Amino acid sequence: MEVDSPRSYYDGDRTMKARQNGIVQPLLTDLYQITMAYAYWKAEKIKDHAIFDLFFRKSPFQGEFTIFAGLEECLKFLQNFHYSDSDIEYLRTTLPSSIEPDFYHYLRHLTAKDVKVYAVEEGSVVFPRIPLLRVEGPLIVVQLLETTMLTLVNYASLMATNAARYRIAAGKQMTLLEFGLRRAQGPDGGLSASKYAYIGGFDGTSNVLAGKLFNIPVRGTHAHSYITSFTDFAELRTTKLKDCSTGQDVDLVVQCQEYREQLSHLLLNTDPNEASNGELAAMISFAIAFPQGFMALVDTSGLLNFCAVALALNSLGYKAIGIRIDSGDLAYLSCKAREFFEIVAARYNLPWFAKLTIVASNDINEDTILSLNEQGHKIDCFGIGTHLVTCQRQPALGCVYKMVEINNKPKIKLSQDVAKVTMPGRKNVFRLYSADGHALIDLLQRSDEPEPKVGEKVLCRHPFQESKRAYVIPSRVEPLYKLYWNDGKLTAPLPDLQQVRQRVQDSLRTLRQDHKRNLNPTPYKVSVSKDLYSFMHDLWLQSAPIGELS
């Protein structure tokens with residue numbers, strides 16, 4: 001009997017031959033997909049051919065852009081799409097006994113070899129109503145793909161978008177670290193968060209497994225428990241550290257106490273005995289373990305001890321990295337710490353000391369960063385966890401997967417809510433750019449229409465509001481779709497994680513700043529061609545029932 005390995009996620013191979021996350025398999029779906037598949041099969045619709053669009057209706061976080069992510073995982077899912085013997089056995093015991101045995105035989109041999117997938121490039125900025133993927137193939141197969149495709153794209157795109165927004169708020173020079181594993185929605189949520197935060201613009205993660213699997217830089221310091229685990233110097237089992245110049249072991253405790261005595265008058269004008277010996281012992285212990293990478297968790301009272309240890313390390317040929325602040329008034333504390341560092345740098349003629357890294361954590365969100373910017377903080381790096389990985393501001397993107405054509409007949413979903421009316425048929429998407437190089441408008445066309453051309457006037461219409469229309473003369477036309485999957489194999493090269501990450505930043509640069517701002521961003525326009533507008537509204541009228549008054 002075939003058994004699916006739950007450890008297949010941990011394959012380090014970056015090629016498409018690598019197996020995907022072990023939980024991503026055909027049974028990772030809603031029951032109604034399988035019951036519909038049986039009903040289709042029973043109705044002899046095996047040879048029916050359908051087209052589905054995967055898209056979202058509104059950008060998240062009250063913003064006007066979204067980052068598309070999750071494409072690679074969708075393609076891995078297609079490559080590995082098949083029902084194992086154990087899957088079939090489970091379905092036999094779960095589905096009604098009236099289901100014919102031949103259906104299970106049909107499922108057992110089902111693959112995605114007859115499916116085609118056109119998609120926007122992963123890492124691209126995308127907008128509402130633009131199909132991120134166009135999935136074509138046998139009706140039963142493409143129906144069975146729905147839930148799994150949605151779960152692979154929804155969170156990935158939401159997470160990458162959230163990370164990109166943090167990057168915009170923090171600025172290009174700020175280091176951003178994802179610290180969210182312990183707060184994420186389970187282990188798989190934590191891994192996905194680390195991966196897509198990195199794609200969205202974060203510089204590293206505390207998640208060690210994500211570092212191994214995705215080659216993301218890993219960063220970390222220590223917790224409060226390390227500080228509180230020491231109460232006095234007597235608990236230090238070793239106090240010696242090798243001097244880089246002489247090679248001799250030096251007692252670091254003596255060095256640190258001497259520097260603390262000097263600094264107490266320079267920085268705080270207080271009795272050095274008032275500083276915590278337990279905290280200093282903990283810092284000395286950590287510095288002995290990591291003399292080349294010493295970074296300590298401190299509050300204002302801990303600055304004296306940190307600076308003493310940093311100076312002692314310097315006297316032995318090592319350079320401390322900096323501090324992490326995890327509570328209190330982050331703007332004030334960062335300014336105070338920077339002031340201390342600058343005083344020490346001037347007193348001991350150590351210019352690098354003034355530039356020690358200040359990391360801030362403590363329940364930071366996008367608004368916190370914007371507020372800190374206004375307060376003139378001196379922070380170099382943000383460690384962000386809960387609000388980032390749980391996307392607290394909006395926990396779901398709301399992608400949908402809708403049939404737009406079956407057996408060459410376009411289909412439209414009608415609703416009293418105009419936002420839920422779908423755009424029928426097989427479509428292509430183009431991004432039109434203005435003369436200044438910014439993205440101006442996205443244009444949906446029927447697939448048999450000629451592509452828009454540079455320098456030629458194009459009529460762009462609002463999908464539903466007849467009076468909203470404009471002529472556009474593009475300076476550049478970018479087709480957004482590529483064929484990624486056909487005949488059971490990949491048909492376009494997939495970028496690695498670094499390239500997707502760069503794609504996000506390159507794509508964001510094509511947007512005007514007013515589309516990206518945090519408060520009241522300008523909506524980006526998504527339009528349809530004249531032909532698609534007429535076709536869609538004609539089909540709408542044909543499909544809508546005519547009421548009767550009496």
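This is a predicted model: local features need pLDDT of at least 70, side-chain atom pairs count only at pLDDT 80 or more; totals for chains, interfaces and linings use all residues.
**Entry 1: F81 and its ring partner**

F81 is buried, at a relative accessible area of 2%. Its ring pairs with that of Y83. I read 5.7 Å centre to centre and 80° between the planes, an edge-to-face pair. Y83 is buried too, with a relative accessible area of 0%.

Next I took F464 and W540. Their planes stand at 90° and their ring centres are 5.9 Å apart, so I logged this pair as edge-to-face. Which parts does the pair tie together? F464 sits in the loop between strand 18 (458-461) and strand 19 (469-472), while W540 belongs to helix 18 (residues 530-543). The pair therefore ties together parts 76 residues apart in sequence. F464 is buried, with a relative accessible area of 16%.

I counted 19 aromatic pairs by the rule used here. I also noted a cluster: ring pairs link Y38, W41, F103, Y104 and Y106.

**Entry 2: charges over rings**

I checked arginines against ring faces. R347 lies over the face of Y348, 5.0 Å from the ring centre. R476 lies over the face of Y433, and here I read 3.8 Å from the ring centre.

**Entry 3: strand 16**

Y433 took me to strand 16, residues 427-433. Is this strand mostly covered or mostly open? It is mostly covered, with six of its seven residues buried.

I then traced the pairing. Strand 16 runs antiparallel to strand 17 (residues 439-446), and seven bridges join the two. K427 has R446 of strand 17 as its bridge partner. Five residues lie between the strands of this hairpin. Among them I found G437 with a positive phi near 90°.

Strand 16 also pairs with strand 20 (residues 476-479). This pairing is antiparallel as well, over four bridges. I noted R431 opposite E478 of strand 20.

**Entry 4: cysteines**

How many disulfides does the whole structure hold? My search found zero. A disulfide needs the two sulfur atoms within 2.5 Å. C256 is buried, with a relative accessible area of 0%.

C335 is in no disulfide either. For C335, too, the nearest cysteine sulfur is that of C307, at 15 Å. C335 is partly exposed, with a relative accessible area of 27%.

How values were computed. Residues are numbered from 1 along each chain as its sequence is written. Side-chain values use heavy atoms; hydrogens and water are left out. Buried means under 20% relative accessible area, exposed over 50%, partly exposed in between (1.4 Å probe, protein chains only). Two strands pair if DSSP finds at least two bridges between them. Rings of Phe, Tyr and Trp (its six-membered ring) pair if their centres lie within 6.5 Å; planes under 30 degrees apart count as stacked, over 60 as edge-to-face and the rest as tilted. A charge sits over a ring if NZ of Lys or CZ of Arg is within 6 Å of the ring centre and within 35 degrees of the ring normal.
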